[in-house]
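Please look over the structure shown here before reading the report. The text below is meant for a reader who has not seen it before.

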Amino acid sequence: MSYSIDQIKEKLGSRLVGKYVMKKAVVEAIQKLPDDISDQVIKNVWFISSFDDAWGFVLTGNELQGKHLVFLSDELFVEAKEQIEYTVLHEIGHVILNHRNAILKPQTKQETDRQEMQADEFARKYL
């Protein structure tokens with residue numbers, strides 16, 4: 001992959017919101033992806049977790065219009081590095097595979113299971 005860690009951080013800019021450990025994990029996971037997929041992620045995804053320098057964070061509809069938001073819990077970042085990377089890549093897989101969220105329209109268990117299996121396969125492919 002042709003992007004350095006610093007280049008990915010710079011390209012994500014304010015779309016990477018969280019503590020250092022989260023930012024590092026996300027950038028390292030993106031670096032494992034082929035350029036065409038990393039470009040798509042960098043342009044269309046926000047990554048958010050809690051952060052040290054504020055108690056809250058507001059995004060407007062305009063900032064998120066046409067983008068994806070991946071929330072990563074603090075609890076993830078106490079896990080082993082392999083689990084962290086797997087989870088980040090799994091969530092990126094949902095974005096790249098155009099999976100829909102069941103919030104707006106309920107999904108069957110079969111639909112949800114299929115999407116989870118596909119996201120798992122995506123993550124394993126790039127680890």
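Predicted model: local features only at pLDDT ≥ 70, side-chain atom pairs only at ≥ 80, totals over all residues.

Residues are numbered from 1 along each chain as its sequence is written, and side-chain values use heavy atoms, with hydrogens and water left out.

**Overall fold**

The protein has six helices and three strands. Helices (H or I, at least four residues) and strands (E, at least two) are DSSP runs, numbered from the N terminus. Read from the N terminus, the order of elements is α-β-α-α-β-α-β-α-α. The radius of gyration is 14 Å, close to the 14 Å given by the globule rule for 127 residues, so the protein is as compact as a globular protein of that length. Here the radius of gyration is taken over C-alpha atoms, and the globule rule is 2.2 Å times the number of residues to the power 0.38. Along the principal axes, the C-alpha atoms fill a box of roughly 40 × 30 × 30 Å.

Buried residues make up 38% of the 127 in the protein. Buried means under 20% relative accessible area, exposed means over 50%, and partly exposed lies in between (1.4 Å probe, protein chains only). Contact means heavy atoms within 4.5 Å. Among contacts between residues at least 6 apart in sequence, 62% join residues at least 24 apart.

**Helix pairs**

Axes are lines fitted to C-alpha atoms, for helices over the stretch in contact, and angles run from 0 to 180 degrees between N-to-C directions. Angles under 35 degrees count as roughly parallel, over 145 as roughly antiparallel, 65 to 115 as roughly perpendicular and the rest as oblique.

| Helix pair | Axis separation | Angle |
|---|---|---|
| α1 and α2 | within 9 Å | roughly 110° |
| α2 and α5 | within 9 Å | roughly 65° |
| α5 and α6 | 8 Å | about 120° |

Helix α1 covers residues 5-12. With their axes crossing at roughly 110°, α1 and α2 are therefore roughly perpendicular to each other. From α1, the residues Ile 5, Ile 8, Lys 9 and Leu 12 meet Tyr 20, Val 27, Glu 28, Ile 30 and Gln 31 of α2. This contact is made up of six nonpolar, one polar and two charged residues. For these classes, Ala, Val, Leu, Ile, Met, Phe, Trp, Tyr, Cys and Pro count as nonpolar, Asp, Glu, Lys and Arg as charged, and the others, Gly among them, as polar.

Helix α2 spans residues 20-31 and helix α5 residues 81-96. These two helices are also described as roughly perpendicular to each other, and their crossing is right-handed. A crossing is left-handed if the near helix is turned anticlockwise from the far one by less than a right angle, and right-handed if clockwise. On the α2 side, Ala 25, Val 26, Glu 28, Ala 29 and Ile 30 meet Lys 81, Ile 84, Glu 85, Val 88, Leu 89 and Ile 92 in α5. Eight nonpolar, no polar and three charged residues take part in the contact of α2 with α5.

The contact of α5 with α6 divides into eight nonpolar, four polar and three charged residues.

**Single residues**

His 90 lies in helix α5 and counts as buried, at 7% relative accessibility. Leaving aside neighbours within four places in sequence, His 90 is in contact with Glu 116, Ala 119, Asp 120 and Ala 123.

The loop between α5 and α6 holds Asn 98, which is exposed at a relative accessible area of 63%. Asn 98 has a positive phi of about 55° although it is not a glycine. Most residues other than glycine have a negative phi.

Gln 107 lies in the loop between α5 and α6 and is buried, with a relative accessible area of 16%. Not counting residues up to four places away in sequence, Gln 107 touches Arg 100, Ala 102, Thr 112 and Gln 115. Ala 102 is placed in the loop between α5 and α6 and is partly exposed, at 35% relative accessible area. The C-alpha atoms of Ala 102 and Thr 112 are 8.3 Å apart, with the two residues ten apart along the chain.
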